[in-house]
Amino acid sequence: MKMRKLLLIWSTLAFVIPSALLSSCQTQTTETETEQTQTTDNTPGTLQLRANGEDFVREGFVTKDGWKVTFDQLYANLVEITAYQTDPPYNAETGGKPEAKEQVILAQTKTVDLAEGDETAEAILVSEVSAPSGRYNALSWKMLKATVGPAQGYSLLMNGTATKDGQSIPFTLKIDQELEFTCGDFVGDERKGILQGGDTAELEATFHFDHLFGDGSVASDDEINTGALGFAPLVAIAEGGKVEADMATLKSKLSADDYQKLMAILPSLGHVGEGHCYESLVSQN
């Protein structure tokens, strides 16, 4: 009898002990997986900023008044470029400052040539920084006068050539008006700014120069053309077969209406893809 009881006890333990050990192992595995998930969530990623003048700038385009414009250089001086994780999402229509739960400075100052590269080129990499993971759904920057480099003294400097009916007009436009842009979520074919720990995500500052010159590939009464300056007013102030003008020259030689149109267009250049920005002119003393 004693032997039977001992066998029964050992038989019971054989089932109980492995079960307890298994339960303990499962608990440890779950805790380890949770720790790994938390580590991944807290791991920073790489946030890249790109500046995009679009195909208009890299390939050239026809203005609303029929001038074929190509750019040799198009310098934009970008300052205090900052990405935000905002809650609530930033609304460019109402303006103000983003309500940021996280913000990352992408670059203090950077002059970029938006005309760099051909039609196959990617948008220009301005900077890349280590950043906490999360969704970066707002972007701000200023365009201030460069203190050094090829655009020194100007926030925007455009060199190129315009041709029409056998006439060729080299141009240099020197813009010293300072601008500020605060933008919400990127609007385009793909989402940008969603950064996973250990991965890379992009943000984009986009510049729409068809707002300035119009687009000859669409109807003349299209909104992009009715609001644009075009190139003909610049041809009208050419001297010696070329246009070389700073803001003072443009103010003195353009008609009052055309100069006011130019001043109204400049703040509308900045976008995030097709997403709008709250734009303003920076006061200058």
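Analyst: Two strands pair if DSSP finds at least two bridges between them; helices (H or I, at least four residues) and strands (E, at least two) are DSSP runs, numbered from the N terminus. This is a predicted model, in which local features need pLDDT of at least 70 and side-chain atom pairs count only at pLDDT 80 or more, while totals for chains, interfaces and linings use all residues. Residues are numbered from 1 along each chain as its sequence is written, and side-chain values use heavy atoms, with hydrogens and water left out.

User: How many helices and strands are there in the chain?

Analyst: The chain holds seven helices and 15 strands. Of its 285 residues, 43% count as buried, that is, under 20% relative accessible area with a 1.4 Å probe and protein chains only (exposed is over 50%, partly exposed in between).

User: In what order do the four strands of the open sheet stand?

Analyst: The order is E5-E1-E12-E14, with mixed pairing. Strand E5 (124–131) and strand E14 (270–271) are the edge strands, each pairing on one side only. E12 and E14 run antiparallel and are joined by two bridges; phenylalanine 207 has glycine 270 in E14 as its bridge partner.

User: Which strands does E8 join, and how many bridges are there in each case?

Analyst: Strand E8 (residues 156–164) runs antiparallel to strand E3 (residues 68–86), with eight bridges between them. In this pair, methionine 158 of E8 stands opposite leucine 74. Nine bridges join E8 to strand E9 (residues 167–175), also in an antiparallel arrangement, and leucine 156 faces isoleucine 175 in E9. E8 and E9 form a hairpin with two residues between them, and aspartate 165 in the turn has a positive phi of about 50°.

User: How much space lies in the largest pocket, and which residues are closest to its centre?

Analyst: Rolling a probe the size of a water molecule over the atoms shows where empty space is left. A pocket is an open set of points on a 1 Å grid over the protein atoms alone where a 1.4 Å probe fits, with protein on both sides within 12 Å along at least five of seven lines; lining residues have an atom within 4 Å of a point. Here the largest pocket contains about 310 Å³, a volume being the space filled by probe spheres set on the points. Of its 19 lining residues, Asn52, Ala123, Phe186, Lys192 and Glu204 are the closest to the centre.

User: Which elements supply the lining of the largest pocket?

Analyst: Strand E1 (45–52), helix H2 (54–59) and strand E12 (200–207) each supply at least two lining residues, and E12 gives the largest share, three residues.
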